[in-house]
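Here's a quick briefing to read with the model open beside you.

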Amino acid sequence: MLHASGSFKHGIIAAATLLAAVISFPSKPSALAERLDYAPPNAPARPQLAVLLVVDQMRADYVEKFRGQWAGGLKRLVQEGAWFREAAYPYAATETCVGHATISTGTFPAIHGMVMNEWWDRDSQKEVACTQDPKAKNIGYADATVKGGNSAANMLIPAFSDELKFQSGSGTRIVTFSLKARAAITLAGRLGDAVTWYDPSTGAWVTSSAYPFAPFVENYVKAHPVSLDYGKTWTPLLPGSSYLYNPTAFKAVPPEGFGSAFPHTLHGKPNSTAADSLFYGQWEVSPYADTYLAKMADDAVDRLDLGKRGGTDFLGISFSSVDYVGHAFGPRSWEIQDILARLDRDLGELFAHLDKKVGRGNYIVVLTADHGVAPIPEDMLNAGMDAGWTMTEELKSSISKTLETLDYPKTALASVVGSNIYFAPGIYERLKSDPKAIGAVTDAIKKVRGVDRVYQAEQLDRDTVMQNAVQKEEANSFFKTRSGDLLVVFKPYWPSDDSAPGEPRSEGTTHGTLYYYDRHVPVLFMGFGIQPGEYFDAITPADIAPTLASLCGVTLASPDGHPLTALLVRSEPTHSATKSITAKTTKSPDR
Ligand SMILES: [Zn+2]
């Protein structure tokens with residue numbers, strides 16, 4: 001029908017003609033009867049439940065360092081699962097919203113559009129959060145009053161769970177939990193049935209008008225208010241000799257009310273006797289929040305009969321506390337090691353619950369992280385290595401001063417968000433037509449401590465520009481209307497500090513760069529259809545959604561991610577005659 005040289009258009013016309021023929025001449029009764037004579041093959045085996053776990057800020061090396069101390073769910077993932085040791089995000093914007101959207105959509109931020117946790121909105125001339133949506137209204141469970149509105153409206157590609165529900169027709173339920181709206185929402189996409197996050201100022205659990213109100217969540221949070229953890233003290237779980245580092249993390253910035261070493265008591269403000277706003281914030285930086293999320297997931301499995309109603313259900317949990325603990329105490333801390341040992345226990349209980357309710361082997365689990373983290377810069381410096389903080393305030397003032405000397409208005413610089421520089425409307429166009437001016441601005445930026453190089457927006461178009469390795473990673477998380485006019489690349493171990501002038505830094509360390517410590521994350525699959533083992537292929541977390549899609553029989557757009565064929569086991573054919581096929585041993589494509 002199609003000649004080798006035949007055009008795509010001709011192919012479409014031919015296909016349309018054929019389709020029209022099929023539609024205009026319905027099968028005769030005899031043909032229909034003949035069709036029904038065929039015993040339809042049994043529905044192919046699918047996982048009954050897909051569980052996607054994200055541990056916010058979990059570096060890949062934590063698995064290698066700490067797995068000897070694990071006895072629960074993390075250990076089981078390593079022992080029974082497929083462990084991808086060299087998974088990394090191939091882009092620079094290693095932040096929570098970005099990573100979760102990449103995991104859930106199987107695309108990079110240049111495609112899904114969630115380029116940062118917050119970006120500068122050129123229309124409103126305001127900073128907006130990635131899930132902020134003026135059309136949505138947040139709703140607090142248990143009669144809590146909450147502000148704002150969040151949805152997945154800014155995510156430009158459907159989540160895997162959206163496609164699962166959309167393509168399965170019916171019978172798929174989508175449930176996600178996290179402390180962070182940007183995690184719960186990006187994992188769920190637009191078709192979530194229960195999408196729940198936490199408000200640290202009030203201790204409330206929240207959803208929005210973009211999703212159904214879930215009575216089971218309402219009942220759960222009424223029966224289990226977070227305030228029940230008031231007054232608890234977080235102490236080390238393991239014997240002291242098990243911890244790798246100093247009990248006091250060097251230059252940690254613990255949350256208000258916590259010291260820089262164990263124990264940490266969640267008592268809120270000094271004079272408080274009951275849960276207050278400070279307690280609700282401290283709770284986020286403790287293992288009790290992980291336990292809560294895992295128990296809430298258990299309850300969802302029970303109340304909604306997840307994995308027991310014919311289709312494939314989806315449960316997504318993003319554990320946020322490792323991120324908060326990592327920002328405060330850094331990767332070389334007792335606190336990070338301890339919270340992972342405790343998460344291991346929580347996950348062990350979650351998997352035991354799933355074994356009982358859904359059945360071992362009937363569900364698939366994936367665990368990954370949205371990004372890694374840099375060491376505390378002062379800790380590096382103290383050990384004699386080059387490190388420091390790149391001060392946003394310094395970037396702002398040096399750009400503004402340069403613009404002023406070039407007779408640009410005082411308001412010419414609109415905003416600096418992390419490594420993204422935004423100019424006021426019309427200013428960047430003016431700068432571009434004035435090579436001396438743009439040169440002066442980029443020179444000024446390059447003189448700021450911690451800056452390695454600067455790119456102009458035009459240099460990061462991944463479709464048209466020849467790119468070096470660094471540019472490519474910047475381009476993978478560049479989205480023209482949302483990213484800056486200029487993109488700054490910091491030096492390794494020089495993360496961004498955006499604290500206001502004169503204010504103390506609010507965190508010990510952070511992430512958000514193209515360096516491997518920020519990009520390298522664990523990826524572990526376990527359960528249905530998985531060939532266990534250690535894999536060293538260089539994969540990206542964008543491969544997770546296409547792999548789940550392959551197992552669940554749905555098709556994604558996924559221009560960036562690919563199914564990890566090496567780990568997939570072919571199931572027994574459900575019709576007779578054919579012999580059983582053993583595990584595939586093909587290698588996944590090198591990327
Ligand atoms: Zn973070």
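A residue is buried if 20 or more other C-beta atoms lie within 10 Å of its own, exposed if 12 or fewer, and partly exposed in between, with the C-beta atoms placed from the backbone. Helices (H or I, at least four residues) and strands (E, at least two) are DSSP runs, numbered from the N terminus. With those in hand, eight of the nine residues of α20 are buried, so that helix is largely enclosed by the rest of the structure.

This is a predicted model, in which local features need pLDDT of at least 70 and side-chain atom pairs count only at pLDDT 80 or more, while totals for chains, interfaces and linings use all residues. Residues are numbered from 1 along each chain as its sequence is written.

**Overall picture**

- The protein has 20 helices and 20 strands.
- It runs to 591 residues, and 51% of them count as buried.
- Take the contacts between residues at least 6 apart in sequence: 73% of these join residues at least 24 apart. Two residues are in contact here if their C-beta atoms, placed from the backbone, lie within 7 Å.

**The ten-stranded sheet**

- Ten strands make an open sheet with mixed pairing, in the order β5-β8-β7-β6-β11-β1-β12-β19-β2-β20. For two strands to pair, DSSP has to find at least two bridges between them.
- The edges belong to β5 (138-140) and β20 (533-535); each has a single partner strand, so one side of each is left without a neighbour in the sheet.
- From one strand to the next, the twist averages 20°.
- At one end, β5 pairs with β8 (residues 204-208) in the antiparallel sense, over three bridges. In that pairing N138 sits opposite S208 of β8.
- Helix α20 (residues 544-552) packs on the sheet, where it touches β1 (49-55), β12 (363-368) and β19 (520-527), and its direction makes about 175° with that of β12. Axes are lines fitted to C-alpha atoms, for helices over the stretch in contact, and angles run from 0 to 180 degrees between N-to-C directions.

**Helix α20 and its partner α7**

- The buried residues of α20 are I544, A545, P546, T547, L548, A549, L551 and C552. Their cover includes β1, α5 (96-105), α7, β12 and β19.
- The axes of α7 (residues 160-168) and α20 come within 10 Å and cross at roughly 20°. The two helices are therefore roughly parallel to each other, as angles under 35 degrees count as roughly parallel, over 145 as roughly antiparallel, 65 to 115 as roughly perpendicular and the rest as oblique.
- Their crossing is right-handed; that label applies if the near helix is turned clockwise from the far one by less than a right angle, and left-handed if anticlockwise.
- On the α7 side the contact uses F160, E163 and L164, and on the α20 side A545, L548, A549 and C552.
- That contact has six nonpolar, no polar and one charged residues. Ala, Val, Leu, Ile, Met, Phe, Trp, Tyr, Cys and Pro count as nonpolar, Asp, Glu, Lys and Arg as charged, and the others, Gly among them, as polar.
- Just past α20, G553 has a positive phi of about 75°.

**Helices α5 and α8**

- α5 and α8 pack at about 15°, with axes 8 Å apart, and are therefore roughly parallel to each other.
- Here too, the crossing is right-handed.
- T96, C97, H100, A101 and S104 of α5 meet R182, A183, T186 and L187 of α8. By class, these residues divide into four nonpolar, four polar and one charged.
- A181 belongs to α8 (residues 181-188) and counts as buried, with 26 C-beta neighbours inside 10 Å.
- Beyond its neighbours within four places in sequence, A181 contacts T131, N150 and W197.

**Strand β17**

- Four of the five residues of β17 (residues 486-490) are buried, so this strand is largely enclosed by the rest of the structure.
- β15 (residues 420-423) runs antiparallel to β17, joined by two bridges, and β16 (residues 451-456) is also antiparallel to β17, with five bridges.
- L487 of β17 is the bridge partner of N420 and of Y455.

**Helix α10**

- In α10 (residues 277-284), the buried residues are F279, Y280, Q282, W283 and E284, and they pack against α11 (287-303) and α12 (321-329).
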